[in-house]
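Please find below my notes on this model.

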Amino acid sequence: MKDQIGTKAVLDCTHTIAAPLFEGTEYPWEVLGRIGDFIMELGATLSEEEYNKSGDNIWIAKTASVAPSACLKGPLIICDKAEIRHCAFIRGNVIVGKNAVVGNSTEVKNSILFDGVQAPHFNYVGDSVYGYKSHTGAGVIASNLKSDRSNVIICIDGEKIDTGRKKFGAVIGDYVEVGCNSVLNPGTIIGKNTTVYPVSRVRGYVPEGSIYKKADEVVEKYLPDVDV
């Protein structure tokens, strides 16, 4: 069962500039303590023809769109054709993938957004990893700190996995849809191709290819046989 929350099971790392950071990891949250150092190393290698360097270790692709009202703090990489909208707040140690959207009044810190991610309206993304083409509706919160400040523990199949981190928000798999005003409690892991109903309170592991209606009602999702 623990294999289902492993890095390769939840994320296709060919869809992020941060792919080398995930190499050799068993679980995706293992990268959270190394994002800043990785950005510093990678940023120094980025082409000056493709990226502008500004501020405190901030690299922005020349094809990216950044609203003048956005607040950006480094280390930070904003990749090709990404869009940072009005009043977005990026607090550092963040990678925003190709064609990704960080929307109006969305706050992001110490997180990796894979290519095509959309966090478009009033989101909080703390100490999290969002997989390829995942989407979170307006007001979605990835809560990253337990009320008692203890380490985040993931319970799966009767086992408890201590992540070793006091701050850990969520890992959202590829093609996941999270409905508006949902709260992802610390240590939430959502498998690929899953839909979470709006106004949900999500905790622990949600299996790949399912529909999360509420905590005691998670059903298998019908997936048409199409190429994605």
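**Aromatic contacts and sheet order**

1. One aromatic cluster is made up of Tyr-27, Trp-29 and Phe-168. Rings of Phe, Tyr and Trp (its six-membered ring) are taken to pair if their centres lie within 6.5 Å; planes under 30 degrees apart are stacked, over 60 edge-to-face, and the rest tilted.

2. The model is predicted, so local features need pLDDT of at least 70 and side-chain atom pairs pLDDT 80 or more, while totals for chains, interfaces and linings use all residues. Residues are numbered from 1 along each chain as its sequence is written, and side-chain values use heavy atoms, without hydrogens and water.

3. Across the whole structure, four aromatic pairs are found. Among them, Phe-22 and Phe-114 are edge-to-face, at 5.7 Å centre to centre with 70° between the planes. Phe-22 belongs to helix α2 (residues 19-22) and Phe-114 to the loop between β11 (111-113) and β12 (118-121), so this pair ties together parts 92 residues apart in sequence. Helices (H or I, at least four residues) and strands (E, at least two) are DSSP runs, numbered from the N terminus.

4. Phe-22 is buried, at 4% relative accessible area, and Phe-114 is buried at 0%. Buried means under 20%, exposed over 50%, and partly exposed in between (1.4 Å probe, protein chains only).

5. The Tyr-27 and Trp-29 rings are stacked, because their centres are 4.5 Å apart and their planes at 5°. Both Tyr-27 and Trp-29 are buried.

6. Seven strands form an open sheet in the order β4-β7-β10-β13-β16-β21-β24, with parallel pairing. Its edge strands, β4 (71-72) and β24 (201-202), each pair on one side only. Pairing requires at least two DSSP bridges between two strands.
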